Amino acid sequence: MGFLSLAARHAGTLAKIISASVTVEKLTASWLSSLGAEAVILDHDGVLGAARTTAPDLAGERLIGELVKHFGKGKVFVLSNTRSARAARSREYARLYPDIIYITAARKPDPEGLYIASRLSGVPLEKIAMIDDGPLTGLLMALEAGAIPVYAIRENLAETASQLAIRLGVTLPQIALVRLLALFAAR
């Protein structure tokens, strides 16, 4: 199925998920468990840290620590689409967080990353939460695969002007397209 038809099929649900966003700073492991999550996948850019960075910021560190403590070793994953940072991030996450797994997979919304996390953790797809700030990447992937989509935004994200431009240049068009497709689907 093509990307646009996939986005159109899930547009109404994606629009609702966007409206029910949670901030990374207030996100808790117990809340994710209340959604049925037994494992989690986190996006890096815009969720755990600024675009093009190799490690999470303080809010990202806090969240990772809480999730590993709650869900346990091998149940917390990081999956990022940023090809240019993959190798450096993979090394840095392995060094800083030996209890989480950095996944290298096909670009979201391809569900390969979810399948890898499910296989490695032993947790079925419907019990894996995908925490992402990209409606047409991680959230669409979660919906299509039957996982739990969580739209997370940042209250405070220290980023340069170019990092802000990258983040907004990716997420704002996605949000606009989802809202437009949802509007047409409601007619």
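1. Two strands pair if DSSP finds at least two bridges between them. Helices (H or I, at least four residues) and strands (E, at least two) are themselves DSSP runs, numbered from the N terminus. E1 and strand E6 (residues 148-153) meet this rule, pairing in the parallel sense over two bridges. Within that pair, Val22 stands opposite Ala152 in E6.

2. The model is predicted: local features need pLDDT of at least 70, side-chain atom pairs count only at pLDDT 80 or more, and totals for chains, interfaces and linings use all residues. Residues are numbered from 1 along each chain as its sequence is written, and side-chain values use heavy atoms, with hydrogens and water left out.

3. The protein chain contains seven helices and six strands. Read from the N terminus, its elements run α-β-α-β-α-β-α-β-α-β-α-β-α.

4. On overall size, the C-alpha trace spans about 50 × 40 × 30 Å along its principal axes.

5. Of the 187 residues, 51% count as buried. Buried means under 20% relative accessible area, exposed over 50%, and partly exposed in between (1.4 Å probe, protein chains only). Contact means heavy atoms within 4.5 Å. Among contacts between residues at least 6 apart in sequence, 72% join residues at least 24 apart.

6. The six strands form an open sheet in the order E1-E6-E5-E2-E3-E4, with parallel pairing. Strand E1 (22-23) and E4 stand at the edges with a single partner strand each, so one side of each has no neighbour in the sheet. Strands of a sheet pair through backbone hydrogen bonds, either parallel or antiparallel.

7. What does E2 pair with? E2 and strand E5 (residues 128-132) pair in the parallel sense over four bridges, and Val40 stands opposite Ala129 in E5. E2 also pairs in the parallel sense with strand E3 (residues 76-79), over three bridges, where the bridge partner of Leu42 is Val78. Ala39 and Ile41 point one way from E2, Val40 and Leu42 point the other way, and all are buried.

8. His44 sits in the loop between strand E2 (39-42) and helix H3 (58-71). His44 counts as buried because its relative accessibility is 0%. Leaving aside neighbours within four places in sequence, His44 is in contact with residues including Val78, Leu79, Ser80, Arg89 and Tyr93.

9. In helix H5 (residues 112-121), the buried residues are Gly113, Leu114, Ile116, Ala117, Ser118 and Ser121. These buried residues of H5 pack against E2, E3, strand E4 (101-103), E5 and H6. Just after H5, Gly122 takes a positive phi of about 75°.

10. Leu140 belongs to helix H6 (residues 135-145). Is Leu140 buried or exposed? Leu140 counts as buried, because its relative accessibility is 0%. Not counting residues up to four places away in sequence, Leu140 touches Phe3, Leu6, Ala7, His10, Leu14, Pro109 and Pro135. Leu140 and Val78 are 62 residues apart in sequence and 17 Å apart in space, C-alpha to C-alpha.
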